[in-house]
Amino acid sequence: MPEEKKKHDADRRVVRTKKAIKTAHLSLMEEKDISDITISELTRKAGINRRTFYTHYRSVSDIIDEIESDMVSLLGEIVLKVDVNDIRQSISNIFLELNEMISVDFEYYFHRVRMDMRGVFMTRLKKISRELAERFLEENANLKRETVETMAEFIIGGFFNVFVEWRSRGDMSAEEAARLAGLMVEGCANSVK
């Protein structure tokens, strides 16, 4: 068997195993508090042994950490699509993309741990804020760095909080919430300019 095929098969096994662990974790989260989930019951539910679990994770909390990291990475990729010349539309598109991502990949986790996510995410989102600030600086060289960095943090924090609250309430369509988020971010960006 060629070396490349072995590596591809091993990668697929890792993905399958991690998915089984996350699915088992999700199932157990429906039954009990996150802090009460043990590795023994998790491995039993996932159909793996403890050694396999420890190949991928050190503890049960590492699973949530990985999910949060995955979400932040995907959000970072989405935020990089911001067109600073058409911020209203690009923010609206990002809102819809984020909603789709959460709906497809992270729905239960998002609702289960969303209260705790604010603190965790806001820390991790500072890096994304800095990247967005750099892009604004490139387009608006006449603004002071501190002003742009503060604006970027406000935009990312506000955007994320609006998104979380909208997902919690569900009182308007995704398109309407995305449009409002775009208007708010555009207003912030234009007022600083």
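Start by selecting Asp83, Asp86, Glu138 and Glu139: together they form a negative surface patch. A patch takes residues with over 30% relative accessible area and no salt bridge, joining like charges within 9 Å and nonpolar side chains (Val, Leu, Ile, Met, Phe, Trp, Tyr) within 5 Å. Salt bridge here means a side-chain nitrogen of Lys or Arg within 4 Å of a carboxyl oxygen of Asp or Glu. Asp and Glu count as negative, Lys and Arg as positive, while His and the chain ends are not counted. Each charge is placed at NZ of Lys, CZ of Arg, CG of Asp or CD of Glu. Areas come from Shrake-Rupley with a 1.4 Å probe, and for residues only the protein chains shown count as cover.

One thing before moving on: this is a predicted model, where local features need pLDDT of at least 70, side-chain atom pairs count only at pLDDT 80 or more, and totals for chains, interfaces and linings use all residues. Numbering runs from 1 along each chain as its sequence is written, and side-chain values use heavy atoms, with hydrogens and water left out.

Now pick Glu138 by itself. Glu138 sits in helix α5, residues 87-139 (helices are DSSP runs of H or I, at least four residues; strands are E, at least two; both are numbered from the N terminus). Is Glu138 buried or exposed? Exposed, with a relative accessible area of 63%; the cut-offs are under 20% for buried, over 50% for exposed and partly exposed in between.

Stay on α5 and select Ile128. Ile128 is buried, at 5% relative accessible area. Show Val72, Leu75, Gly76, Val79 and Ile156 too: Ile128 touches them, not counting residues up to four places away in sequence (contact is heavy atoms within 4.5 Å). Draw a distance from Ile128 to Gly76: their C-alpha atoms are 5.8 Å apart, though 52 residues separate them along the chain.

Next, helix α2, where Thr43 lies within residues 39-46. Its buried residues are Ile39, Glu41, Leu42, Thr43 and Ala46. Thr43 has a relative accessible area of 5%. Which residues does Thr43 contact, leaving aside neighbours within four places in sequence? Ile48, Asn49, Arg50 and Phe53. Just after α2, click Gly47, which has a positive phi of about 75 degrees.

Finally, zoom out. The chain has seven helices and zero strands. Of its 193 residues, 41% are buried. The chain exposes about 10900 Å², with carbon and sulfur atoms supplying 51% of that.

Conventions:
Buried < 20%, exposed > 50% of the residue type's maximum accessible area, 1.4 Å probe, protein only.
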